[in-house]
Amino acid sequence: MTVRMGAIGRIVAGLLVLLAAAPPAEAMRIVSLAPSITETLFALGAGGEVVGVSTYCDYPAEAKAIDKVGTFLAPSTEVIVAKRPDLVIAVPSPANRAPVQALERVGLRVLVVDPDTVGGTEQSIAAIAAAIGREAQGRALWQRIAAAVAGVRARLEGVARRRTLVVVGHTPLVGAGRGVFLDELIEMGGGSNVAADAGGQWPHLSLEFVLAQAPEVIIDTSVGMEAEPQAAAFWAPFPTLPAVRDGRVYLYADFALLRPGPRLPEALETVARFIHPERFESRP
Amino acid sequence: MSVSTVDTVRYLTPRRFTGVAAALSLAAAVTVVATALIGPESIDLRAAVRGTSVDHVILFQIRLPRILLGLVVGGALGVAGAALQALLRNPLAEPHIIGVSGGAALGGVLTMLLVGRTPVTELSLQPLGSFAGALLATALLVRLGTLRGHLHPYTLLLAGVVCNAVAGALIMFLNSIADFYQAHGIIFWLMGSLATQSYALVGVVGLYVAGGLAVLGWQARTLNVLSLGDEEAWHLGVDVDRARRIAFAGSALLVGAVVAVSGMIGFVGLIVPHVARLLLGSDNRLLLPASFLAGGMALVWADTVARTALGATELPVGVITAMCGGPFFVWLLRRQAR
């Protein structure tokens with residue numbers, strides 16, 4: 001009797017192994033029109049099913065080898081159609097409306113996700129996972145992200161908020177305003193965003209406003225586009241700014257890390273380290 | 001170098017009209033077929049006509065509507081340019097230079113910000129808003145260019161340059177108070193593009209353009225008389241003010257409709273009628289239809305370069321028309337001055 005059970009057990013276990021190892025019914029052909037979407041697809045283990053990406057999709061490194069179908073603002077409808085995709089995933093943008101509508105018109109399945117916030121990132125991971133039949137991986141991915149985020153936040157326990165400004169461009173001077181992903185990173189990272197009340201999501205700031213707000217930390221991501229000495233020289237004439245006085249102006253070139261997506265914990269830790277470096281000096 | 005003194009005055013006979021119209025129509029048909037076969041993806045023609053393949057979708061739902069839109073938009077710009085050049089007796093007149101496009105763009109941006117941009121407004125309010133902007137700009141220009149009851153083309157031209165600058169400033173102002181996404185949309189729209197649209201949209205724009213063409217076609221003979229000068233026209237029994245108002249309104253309708261759908265595409269309205277006049281003479285009864293067909297072809301070819309040159313990366317077609325049109329125009333000017 002026990003032998004029989006053992007045999008059945010072995011068969012059942014064998015079947016389970018087979019099921020788990022079996023590839024999904026058929027590999028999909030997916031076109032991604034934004035870097036955050038491409039990152040999400042790779043994080044879900046579907047990188048091999050991506051047959052087209054936007055020009056800006058640079059992460060992970062494998063994504064660079066995938067055929068480009070245009071910028072995410074002006075994708076080439078024709079090149080996308082020729083990829084014969086089962087699914088096209090896009091982010092909403094007024095600039096890509098016409099091409100995205102054209103894709104829908106020709107009968108392609110188009111999923112539009114809006115990962116512009118932390119909440120939006122969770123939703124778009126779930127939506128993408130559902131659309132490609134990887135719900136379980138989607139849930140697991142978000143759990144990993146949430147756990148890592150909680151780890152960073154644990155380090156910031158009881159910290160005093162520092163007045164923080166994130167700058168994305170100098171001419172004009174544009175800051176991260178209320179409601180954008182960077183604003184959430186500042187708040188989660190133990191800062192308070194001085195540009196939150198400047199009006200709009202990407203407010204144009206006057207230097208006067210910045211001087212009056214007296215940020216203690218300035219994270220300047222414009223060095224992605226400008227030369228670093230230039231960016232440093234931009235802030236030097238204002239020693240009355242606490243951030244300049246205390247040497248807390250950080251020039252950060254890897255703006256791509258700060259995009260909403262599976263690298264949310266890394267993005268959060270980067271911002272949090274700038275605002276509260278003292279909390280990251282030793283491993284707990 | 002006023003238009004009326006162009007020395008290639010040839011009589012327009014029905015035979016000549018038919019000949020030129022047939023030749024240009026044939027060239028336009030060849031353009032449509034040839035450019036439909038060009039694109040970043042190579043397509044299999046036999047598969048394309050079969051009806052269910054990807055090649056079919058690319059040919060008939062992506063390339064063809066875009067090419068037809070290019071014909072309509074380029075044609076409308078060509079005709080509007082030809083009409084304005086005749087109205088102002090100046091070959092420099094062009095919707096973009098004299099501020100009609102600026103007014104249309106301002107009207108379009110205002111519409112976009114006030115009512116938002118949905119598939120429905122794109123077909124209805126957007127062209128109307130741009131038309132209203134173009135019409136108001138034109139009316140203002142005519143008012144500013146009229147001194148003591150006489151229209152002074154040069155004054156109007158200069159006023160147009162100023163109007164254009166002011167419209168540009170107002171658009172920048174609206175752009176800076178619009179939210180990030182809207183601002184982005186405005187910039188991309190202004191850059192001028194013929195992104196693939198539905199046949200429905202091509203049809204609606206075609207209707208507006210047909211209206212403008214009908215008005216100007218009806219006025220073609222009067223335009224001929226007007227280009228002789230106000231006094232001469234008056235002596236020949238033309239109600240100068242009325243005729244001019246009608247022709248300006250027709251041009252505004254053309255410009256408003258195409259700016260609404262494709263943004264600011266420059267130089268087509270300047271160069272196409274200019275070249276057409278050099279080759280065919282300045283009789284507007286021939287010049288207007290010729291400018292329509294030639295303008296359409298010029299823009300379709302420019303757009304073919306825009307969507308093909310860099311593979312998957314599309315260029316704004318306005319970039320191509322300006323890069324080809326600018327040097328060409330300078331060459332033309334210097335050649336004429338010699």
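User: Before we get going, when do two strands count as paired here?
Analyst: Quick definition first: DSSP has to find bridges between the two strands. This is a predicted model, and the cut-off for pairing is at least two bridges.

User: Good. In E6(A), which residue is the bridge partner of Val167(A)?
Analyst: Start with the strands: E5(A) and strand E6 (residues 174-175) of chain A pair in the antiparallel sense, over two bridges. They form a hairpin, with four residues between them. Across from Val167(A), the partner in E6(A) is Gly175(A).

User: Does E5(A) run parallel or antiparallel to strand E8 of chain A, and how many bridges join them?
Analyst: Strand E8 covers residues 217-220 of chain A. One spot to look at is Val166(A), which sits opposite Ile219(A) in E8(A). The two strands run parallel, and the number of bridges joining them is four.

User: Switching to the chain contact, which helices of chain B each supply at least two residues of the side that touches chain A?
Analyst: The contact draws 26 residues from chain B and 26 residues from chain A. On the chain B side, the helices that each give at least two residues are H3 (54-88) and H8 (180-191).

Technical notes. Residues numbered from 1 in each chain as written. Chains lettered and ligands numbered in written order. Predicted model: local features only at pLDDT ≥ 70, side-chain atom pairs only at ≥ 80, totals over all residues. Contact = placed C-beta atoms within 7 Å.
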